[in-house]
Amino acid sequence: MGSRIEELEAGNRRVLSELGTAPLPIEPNISPEYFELERERIFKRVWLNVGRVEEVAKPGSYFVKELPLLNTSLLIACGKDGVIRGFHNMCKHRGNKIVKTCRGTANGFACGFHGWTYDLEGKLIYVPQAEQFVDLKTSEYGLTPVATDVWEGFIFIHLDPHPAQTLREFLGEFGEAFHGYPFAAMQRRATWTADVKVNWKIFEDAFFEGYHVPYVHRRSTAKAATRIEKAIARLKVPTRFFKLHRISTILANPNFVATPSATIARKEGGVSLTGYTGTREALDTLPPGINPERREDWNGDLVEVFPNIFMAVTNNWYITYNFWPLEIDQTRFEVNYYFEPPKNAGARIAQEYAIALNRVVLREDLSTMESVQSMQRSGAMTSMPLCGLELRVRAFRRAVQVYLGDS
Ligand code: FES
Ligand SMILES: [Fe+2]
């Protein structure tokens, strides 16, 4: 084990001592009052990822992002000047939702109620029967903007058009870790969404620890179970802890026995969910923040961007999960898969295989969510003990507390 790993493990121990070891309260998972505080003090005060730049690559291209948590719908559009802007998707006459399609290309946006029309930059440019209004200053009735910025091709919005913190400041040192990663070279291959009856934090917790893997995923990755337990024991998932965000490096098992279909996917497509498939040299092209040890037994890095993004990142594909709280006990889960353009039909099929396998694994993850939520509501327990393998859960929960101002 290299000194860097030891250093990271020592760092983990230091973080553990800073975060404490006491059981964590269950109240935040089941209290509607707590949920309202999270809405006001977290989600209305942080930068949130709503899409990728590839979705609005050309002037006039746009998409709509429904955000029930924030009681709004947003319109994200690329202006004639190539700048991506975000607005509340609301006509400033009487508040009608202006764009009702999910995505498309337009020269501007006309409201279907009385025809007020806006350009791609949100300016009000046409009012039917304008002379019927008294002193209507059209310059004051442009679409209401939200702050919009881009990190590594990920579009972020902040509900406050003049946020106290820039996106760069919000991401801090973590934001530098991906500089040079070929996000732009990968294409979205599949996407799906599920509304799950679980609190958003319980949902995310499950992705912030590997303790559950040998049990929850014993069917999909049965042969991997032993190796994962060993890997956890061996490496304790070295994690780089940033102020709010985290990156963990997951190692593969050299003894893992792949299924025949997994072997074909790996051989034909260079795609694997169970280990690195590239060359030694290719490892050195990764940004220093990813797989910092340059280990060839690398399985991928797991990335957590506070408050609601999780990513699995390898050399030739990445997956994103976005968790959108809807109610205290309901969360919208969005999954997106991105791959390098396939070099041949075999690679394309291999990518589909990886997506299918990931879906199976996620369905297993989902299988525990609703039962945890329903039983935590019973009142039969008030706190949950966490072990060292659940350190990232503790770090995430601490970040939530910091934003709520009660810690
Ligand atoms: S509400 Fe949009 S034009 Fe009247
Ligand atoms: Fe899992």
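This is a predicted model: local features need pLDDT of at least 70, side-chain atom pairs count only at pLDDT 80 or more; totals for chains, interfaces and linings use all residues.
## The nonpolar cores

The largest nonpolar core has 90 residues, and F178, F207, M311 and F333 are the ones with the most contacts inside it. Setting aside residues up to four places away in sequence, F178 touches W151, E152, F183, I247, P287, I290, V303 and V313. Another core, of 17 residues, lies apart from the largest one, and its members include C91, F109, W116 and L120.

L171 is another residue worth a look. L171 sits in helix α4, residues 167-171, and is buried, with a relative accessible area of 4%. Not counting residues up to four places away in sequence, L171 touches W151, H245 and V305. The C-alpha atoms of L171 and F242 are 8.9 Å apart in space, while 71 residues separate the two in sequence.

## Two helices that cross

Next comes a pair of helices. Two packed helices are described by the angle between their axes and the distance between the axes. Helix α3 (residues 32-43) packs with helix α11 (residues 391-404) at an angle of about 75°, and their axes are 9 Å apart. Angles of 65 to 115 degrees count as roughly perpendicular, and α3 and α11 are therefore roughly perpendicular to each other. On the α3 side, the contact is made by Y34, L37, E38, R41 and I42, and on the α11 side by V400, Q401, Y403 and L404. Sorted by class, this contact has 6 nonpolar, 1 polar and 2 charged residues.

## Aromatic pairs

A search of the whole structure finds 34 aromatic pairs.

F207 and Y321 form an edge-to-face pair, 5.1 Å centre to centre, with 65° between the planes. F207 lies in the loop between α5 (200-205) and α6 (213-216) and Y321 in strand β17 (residues 317-327), so the pair ties together parts that are 114 residues apart in sequence. Both F207 and Y321 are buried.

The rings of F306 and Y403 have planes at 25° and centres 5.4 Å apart, so this pair is stacked. F306 is in the loop between β15 (298-305) and β16 (309-313), and Y403 is in helix α11, 97 residues apart. F306 counts as buried at 3% relative accessibility, and Y403 is buried too, with a relative accessible area of 18%. Y403 is also one of the residues through which α11 contacts α3.

What else does Y321 touch, besides its neighbours within four places in sequence? Its contacts are F207, N308, I309, F310, F333, E334, V335, N358 and L362. Of these, V335 is 14 residues from Y321 in sequence and 4.7 Å away in space, C-alpha to C-alpha.

Most residues other than glycine have a negative phi, and most peptide bonds are trans. Some places in this model depart from that pattern. A cis peptide bond, with omega of about 0°, joins F306 and P307. P307 lies in the loop between β15 and β16, and F306 is in that loop as well.

Q129 is not a glycine, yet has a positive phi of about 55°. Q129 is found in the loop between β9 (124-126) and β10 (145-151). N291 is likewise not a glycine and has a positive phi of about 40°. N291 lies in the loop between α9 (280-283) and β15. Is each of these residues buried or exposed? Q129 counts as exposed, whereas N291 counts as buried.

## An exposed loop residue

N107 lies in the loop between β6 (103-105) and β7 (108-110). Leaving aside neighbours within four places in sequence, N107 is in contact with K80 and L120. L120 is among the residues of the 17-residue core.

For quick reference, here are some accessibility values.

| Residue | Relative accessibility | Class |
|---|---|---|
| N107 | 67% | exposed |
| Q129 | 52% | exposed |
| N291 | 0% | buried |
| Y321 | 6% | buried |

Technical notes
Residues are numbered from 1 along each chain as its sequence is written. Chains are lettered from A and ligands numbered from 1 in the order in which they are written. Side-chain values use heavy atoms; hydrogens and water are left out. A nonpolar core is a set of buried Ala, Val, Leu, Ile, Met, Phe, Trp, Tyr and Cys residues joined through side-chain atoms within 4.5 Å. Buried means under 20% relative accessible area, exposed over 50%, partly exposed in between (1.4 Å probe, protein chains only). Contact means heavy atoms within 4.5 Å. Axes are lines fitted to C-alpha atoms, for helices over the stretch in contact, and angles run from 0 to 180 degrees between N-to-C directions. Helices (H or I, at least four residues) and strands (E, at least two) are DSSP runs, numbered from the N terminus. Angles under 35 degrees count as roughly parallel, over 145 as roughly antiparallel, 65 to 115 as roughly perpendicular and the rest as oblique. Ala, Val, Leu, Ile, Met, Phe, Trp, Tyr, Cys and Pro count as nonpolar, Asp, Glu, Lys and Arg as charged, and the others, Gly among them, as polar. Rings of Phe, Tyr and Trp (its six-membered ring) pair if their centres lie within 6.5 Å; planes under 30 degrees apart count as stacked, over 60 as edge-to-face and the rest as tilted.
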